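Here is a short briefing for a reader who is new to this structure. Take a look at the model first, then read on.

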Amino acid sequence: MRTEKQRAVSTQSLLLAAYQATARELVAALERAGHVDIRTKHGAVFANIEGTGTRATVIAQRAKLSKPAMGEVIDELERLGYLTREPDPQDRRAKLLVPTKRGREVIRLVVAFTASLEQRLQKELGAKRYADLREALFAIAPDTQVQPRV
(Lines give C-alpha, C1' and ligand atoms only; values in the text may rest on other atoms or scores of the structure.)
Protein backbone atom coordinates (compact mmCIF):
# COMPACT_ATOMS: atom_id res chain seq x y z
CA MET A 1 0.00 0.00 0.00
CA ARG A 2 1.35 3.39 -0.95
CA THR A 3 1.34 6.35 1.40
CA GLU A 4 -0.81 9.40 0.70
CA LYS A 5 2.33 11.30 -0.28
CA GLN A 6 3.36 8.57 -2.75
CA ARG A 7 -0.12 8.50 -4.30
CA ALA A 8 0.12 12.26 -4.84
CA VAL A 9 3.20 11.95 -7.06
CA SER A 10 2.30 12.57 -10.70
CA THR A 11 2.68 9.83 -13.28
CA GLN A 12 4.99 12.09 -15.28
CA SER A 13 7.27 12.43 -12.24
CA LEU A 14 7.26 8.66 -11.75
CA LEU A 15 8.16 8.09 -15.41
CA LEU A 16 11.00 10.59 -15.12
CA ALA A 17 12.26 9.06 -11.86
CA ALA A 18 12.23 5.57 -13.40
CA TYR A 19 14.18 6.81 -16.42
CA GLN A 20 16.69 8.67 -14.25
CA ALA A 21 17.25 5.63 -12.03
CA THR A 22 18.02 3.36 -14.98
CA ALA A 23 20.12 6.05 -16.68
CA ARG A 24 22.25 6.37 -13.52
CA GLU A 25 22.72 2.59 -13.52
CA LEU A 26 23.81 2.68 -17.15
CA VAL A 27 26.30 5.52 -16.60
CA ALA A 28 27.74 3.66 -13.61
CA ALA A 29 28.13 0.50 -15.71
CA LEU A 30 29.91 2.50 -18.42
CA GLU A 31 32.19 4.08 -15.80
CA ARG A 32 33.08 0.62 -14.46
CA ALA A 33 34.01 -0.36 -18.02
CA GLY A 34 36.37 2.63 -18.25
CA HIS A 35 34.11 5.13 -20.04
CA VAL A 36 34.18 7.76 -17.30
CA ASP A 37 33.41 10.64 -19.68
CA ILE A 38 30.05 9.33 -20.84
CA ARG A 39 26.99 11.14 -19.49
CA THR A 40 23.27 10.60 -19.90
CA LYS A 41 23.05 13.38 -22.50
CA HIS A 42 25.34 11.38 -24.81
CA GLY A 43 22.63 8.74 -25.10
CA ALA A 44 20.82 10.95 -27.61
CA VAL A 45 23.65 10.26 -30.05
CA PHE A 46 24.38 6.63 -29.20
CA ALA A 47 20.70 5.68 -29.42
CA ASN A 48 20.34 7.23 -32.87
CA ILE A 49 23.56 6.55 -34.73
CA GLU A 50 24.13 3.75 -37.20
CA GLY A 51 27.37 1.79 -37.35
CA THR A 52 28.14 2.92 -40.89
CA GLY A 53 27.56 6.53 -39.94
CA THR A 54 24.68 8.96 -39.70
CA ARG A 55 24.34 12.64 -40.53
CA ALA A 56 24.05 14.98 -37.55
CA THR A 57 20.72 16.32 -38.82
CA VAL A 58 19.27 12.79 -38.85
CA ILE A 59 20.50 12.10 -35.32
CA ALA A 60 18.99 15.40 -34.14
CA GLN A 61 15.64 14.60 -35.81
CA ARG A 62 15.53 11.10 -34.32
CA ALA A 63 16.40 12.43 -30.87
CA LYS A 64 13.94 15.31 -31.25
CA LEU A 65 16.63 17.82 -30.35
CA SER A 66 17.58 21.06 -32.04
CA LYS A 67 20.59 21.03 -34.35
CA PRO A 68 22.57 23.40 -32.08
CA ALA A 69 21.89 21.29 -28.98
CA MET A 70 22.83 18.10 -30.80
CA GLY A 71 25.89 19.81 -32.25
CA GLU A 72 27.27 20.48 -28.78
CA VAL A 73 26.86 16.84 -27.76
CA ILE A 74 28.40 15.62 -31.03
CA ASP A 75 31.37 17.99 -30.69
CA GLU A 76 31.97 16.74 -27.17
CA LEU A 77 31.83 13.06 -28.21
CA GLU A 78 34.23 13.78 -31.06
CA ARG A 79 36.68 15.50 -28.67
CA LEU A 80 36.41 12.50 -26.34
CA GLY A 81 37.23 10.10 -29.17
CA TYR A 82 33.86 8.36 -29.51
CA LEU A 83 32.97 9.72 -32.96
CA THR A 84 34.67 10.84 -36.13
CA ARG A 85 33.34 12.94 -38.99
CA GLU A 86 33.81 11.38 -42.39
CA PRO A 87 32.67 12.40 -45.89
CA ASP A 88 29.25 11.06 -46.84
CA PRO A 89 29.72 8.86 -49.92
CA GLN A 90 26.20 9.90 -51.06
CA ASP A 91 27.07 13.62 -50.90
CA ARG A 92 30.70 14.69 -50.53
CA ARG A 93 29.61 18.06 -49.11
CA ALA A 94 27.94 16.33 -46.16
CA LYS A 95 29.60 14.59 -43.21
CA LEU A 96 28.67 11.34 -41.53
CA LEU A 97 29.22 10.80 -37.84
CA VAL A 98 30.82 7.40 -37.41
CA PRO A 99 31.41 5.67 -34.08
CA THR A 100 35.07 4.98 -33.36
CA LYS A 101 36.23 1.75 -31.72
CA ARG A 102 35.50 3.38 -28.34
CA GLY A 103 32.08 4.49 -29.57
CA ARG A 104 31.22 1.01 -30.82
CA GLU A 105 32.26 -0.40 -27.44
CA VAL A 106 29.91 2.00 -25.66
CA ILE A 107 27.08 0.98 -27.99
CA ARG A 108 27.83 -2.69 -27.32
CA LEU A 109 27.84 -2.07 -23.55
CA VAL A 110 24.56 -0.14 -23.76
CA VAL A 111 22.90 -2.94 -25.73
CA ALA A 112 24.12 -5.50 -23.16
CA PHE A 113 22.99 -3.31 -20.25
CA THR A 114 19.57 -2.82 -21.84
CA ALA A 115 19.12 -6.57 -22.35
CA SER A 116 20.09 -7.17 -18.73
CA LEU A 117 17.70 -4.46 -17.53
CA GLU A 118 14.84 -5.96 -19.54
CA GLN A 119 15.51 -9.38 -17.98
CA ARG A 120 15.70 -7.88 -14.50
CA LEU A 121 12.45 -5.95 -14.93
CA GLN A 122 10.69 -9.03 -16.24
CA LYS A 123 11.92 -11.04 -13.25
CA GLU A 124 11.07 -8.34 -10.68
CA LEU A 125 7.65 -7.52 -12.11
CA GLY A 126 6.66 -10.91 -13.40
CA ALA A 127 5.74 -11.64 -17.00
CA LYS A 128 2.21 -10.19 -16.90
CA ARG A 129 3.07 -6.94 -15.10
CA TYR A 130 6.10 -6.50 -17.37
CA ALA A 131 3.94 -6.97 -20.49
CA ASP A 132 1.30 -4.64 -19.04
CA LEU A 133 3.96 -2.01 -18.31
CA ARG A 134 5.21 -2.13 -21.89
CA GLU A 135 1.67 -1.93 -23.28
CA ALA A 136 0.92 1.04 -21.02
CA LEU A 137 4.10 2.83 -22.12
CA PHE A 138 3.26 2.27 -25.79
CA ALA A 139 -0.23 3.62 -25.10
CA ILE A 140 1.34 6.76 -23.60
CA ALA A 141 3.84 7.11 -26.46
CA PRO A 142 2.13 5.45 -29.46
CA ASP A 143 4.43 6.98 -32.06
CA THR A 144 7.56 5.52 -30.47
CA GLN A 145 9.82 4.22 -33.20
CA VAL A 146 12.58 1.70 -32.73
CA GLN A 147 15.95 3.21 -33.54
CA PRO A 148 18.58 1.32 -35.49
CA ARG A 149 20.91 -1.00 -33.64
CA VAL A 150 24.58 -0.93 -34.50
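Is Thr-100 buried or exposed? Thr-100 counts as buried, because its relative accessibility is 16% and the cut-off for buried is under 20%. The model is predicted. The points below start with the whole chain and then move to its parts.

**The whole chain**

- The protein chain holds seven helices and two strands.
- Read from the N terminus, the order of elements is α-α-α-α-α-β-β-α-α.
- Along the principal axes, the C-alpha atoms fill a box of roughly 60 × 35 × 25 Å.
- The protein chain has 150 residues, and 25% of them count as buried.
- The accessible surface is about 10400 Å². Carbon and sulfur atoms account for 55% of that surface.
- Take the contacts in the protein chain with a separation of 6 or more: 52% of them join residues 24 or more positions apart.
- There are 26 positive and 18 negative side chains. The centres of these two sets lie 2 Å apart.

**The two strands**

- Strand 1 covers residues 83-88 and pairs with strand 2 in the antiparallel sense. Six bridges link the pair.
- Strand 1 and strand 2 form a hairpin, with two residues between them.
- One of the bridges has Pro-87 on one side and Lys-95 of strand 2 on the other.
- In a regular strand, side chains alternate between the two faces of the sheet.

**From strand 2 into helix 6**

- Thr-100 sits in the loop between strand 2 and helix 6.
- Leaving out residues up to four places away in sequence, Thr-100 touches Gly-81, Tyr-82, Leu-83 and Thr-84.

**Helix 6**

- Helix 6 runs over residues 101-125, which makes 25 residues.
- At 1.5 Å a residue, helix 6 should span 36 Å, and its end C-alpha atoms are 36 Å apart, so the two values agree.
- The buried residues of helix 6 are Gly-103, Val-106, Ile-107, Leu-109, Phe-113 and Leu-117.
- An α-helix has 3.6 residues a turn, so residues three or four places apart point the same way.
- The cover over the buried residues of helix 6 includes helix 2 (11-32), helix 3 (43-46) and strand 2 (91-99).

**The loop between helix 4 and helix 5**

- Lys-64 lies in the loop between helix 4 and helix 5.
- Lys-64 is not a glycine, yet it has a positive phi of about 60 degrees.
- Most residues other than glycine have a negative phi.
- Lys-64 counts as exposed because its relative accessibility is 68%, and the cut-off for exposed is over 50%.
- Leu-65 is also found in the loop between helix 4 (56-63) and helix 5 (67-79).
- Leu-65 is partly exposed, with a relative accessible area of 38%.
- Setting aside neighbours within four places in sequence, Leu-65 is in contact with Ala-44, Ala-60 and Met-70.
- Ala-44 is 21 residues from Leu-65 along the chain, and their C-alpha atoms are separated by 8.5 Å.

Terms used:
Residues numbered from 1 in each chain as written. Predicted model: local features only at pLDDT ≥ 70, side-chain atom pairs only at ≥ 80, totals over all residues. Heavy atoms only, no water. Helix = DSSP H or I, 4+ residues; strand = E, 2+ residues; numbered from the N terminus. Expected span 1.5 Å × (residues − 1). Buried < 20%, exposed > 50% of the residue type's maximum accessible area, 1.4 Å probe, protein only. Contact = heavy atoms within 4.5 Å. Areas by Shrake-Rupley, 256 points an atom, 1.4 Å probe, with all protein chains shown as cover. Lys, Arg positive; Asp, Glu negative; His and termini not counted. Charge placed at Lys NZ, Arg CZ, Asp CG, Glu CD. Pairing = 2+ DSSP bridges.
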